[in-house]
Amino acid sequence: MKINNNELYQLIAKLDWQLNMGAEAMVEEEHNNYFNMEKVKTKKGELSTSGISQEINNAYLQEDEKNKGKILQESFDKCLTLEDLKNCMLDFNGCDLKKTATQLVFSDGNPNSNVMVIGEAPGAEEDRQGKPFCGASGKLLDKMLASINLDRNTVYITNVIPWRPPGNRAPTENEISLMKPFLMKHIEIVSPKMLVAVGGSASKAILNIEGGILRYRGVWKEIRLSKSLVIPIISTLHPAYLLRAPNQKKLAWEDLKSIRSKLQELND
Ligand code: URA
């Protein structure tokens, strides 16, 4: 088909409009039917090794908050390994984001490392690859880590939300509080020596703090997960924010230096 320059400009303008509206993929021959849950790729059954996920699903259906909390706690207590937790999340049907995402984005990096980095939620590239921070902001995160001699062999990375919110919107408070018990269990199983909350959503989910991240970034706090498990945590600026506001990189650099000193302190 031959098109003239005028038609070409119109096609480019339409494509540009679609990209601005949040379109990220072409409709392919085989596509997800978001209205038919059965066709959503959950790998259900394939990886389910225990009844824990069923208990968790049932707990979320409970209306009695006290009972719900008890069943949830008992079910999470049975998740002993990352594999257990991943299976539970693969089979968990309580969060609608699962219906629109391509797949669960569980984690990347080394689960035996001292540093656990927690982001907000997967974006388009993470949704495609099933790996956290592998898009543009992930590349900047890698550079930030490299500046203090860390990389994905020496850190473990996950997100508060394991499924991509449609159109890359921010996760809602409800979605964050729904997935928080999974995140806390994730932290407990990994038991890192320190946590780095990247961006406001991760900081608010873990620390229950209000207000903008510029007010509390760079300050060490602690979270207590059990009598014997207390983990230092620092909040820093999200690389996606730094890509939009590069003049704030100096603040992130202060946080990175603080992480480096804390690591040295903990290793001494
Ligand atoms: N932003 C996040 O917070 N997490 C990712 O995995 C990717 C982008």
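Why does Val190 count as buried? I looked this up first. Val190 has 20 C-beta neighbours inside 10 Å, so Val190 counts as buried. The cut-off for buried is 20 or more other C-beta atoms within 10 Å of the residue's own; 12 or fewer is exposed, in between is partly exposed, and C-beta atoms are placed from the backbone.

I note that this is a predicted model, in which local features need pLDDT of at least 70, side-chain atom pairs count only at pLDDT 80 or more, and totals for chains, interfaces and linings use all residues. Residues are numbered from 1 along each chain as its sequence is written.

**Val190.** I found Val190 in helix H8, residues 173-190. Helices (H or I, at least four residues) and strands (E, at least two) are DSSP runs, numbered from the N terminus. Leaving aside residues up to four places away in sequence, Val190 touches Pro111, Met116 and Tyr156; contact is taken as C-beta atoms, placed from the backbone, within 7 Å. I also checked Asn110: the C-alpha atoms of Val190 and Asn110 are separated by 9.7 Å, with the two residues 80 apart along the chain.

**Core.** I looked up the largest nonpolar core and found 49 residues, of which Met116, Val117, Ile118, Leu195, Val196 and Ala197 touch the most other members. Strand S4 (residues 194-198) gives the most to this core, five residues. Such a core is a set of buried Ala, Val, Leu, Ile, Met, Phe, Trp, Tyr and Cys residues joined through C-beta atoms within 7 Å. Beyond four places in sequence, Leu195 touches Met116, Ile118, Ile187, Ile206, Ile231 and Ile233.

**Sheet.** I traced an open sheet of six strands with mixed pairing, in the order S1-S3-S2-S4-S6-S5. S1 (108-109) and S5 are the edge strands, each pairing on one side only. Two strands pair if DSSP finds at least two bridges between them. S4 and S6 run parallel and are joined by four bridges; Val196 has Ile234 in S6 as its bridge partner. S5 (residues 221-224) and S6 (residues 230-236) pair in the antiparallel sense, also over four bridges. A hairpin of five residues joins S5 to S6, and Arg224 stands opposite Val230 in S6.

**Ligand.** I counted the surroundings last. The ligand has 13 residues around it, and Gly119, Glu120, Glu126, Pro132 and Phe133 come nearest. A residue is near if its C-beta atom, placed from the backbone, lies within 6 Å of the molecule. The shell has five nonpolar, six polar and two charged residues.

How values were computed: Nonpolar A, V, L, I, M, F, W, Y, C, P; charged D, E, K, R; others polar. Contact = placed C-beta atoms within 7 Å.
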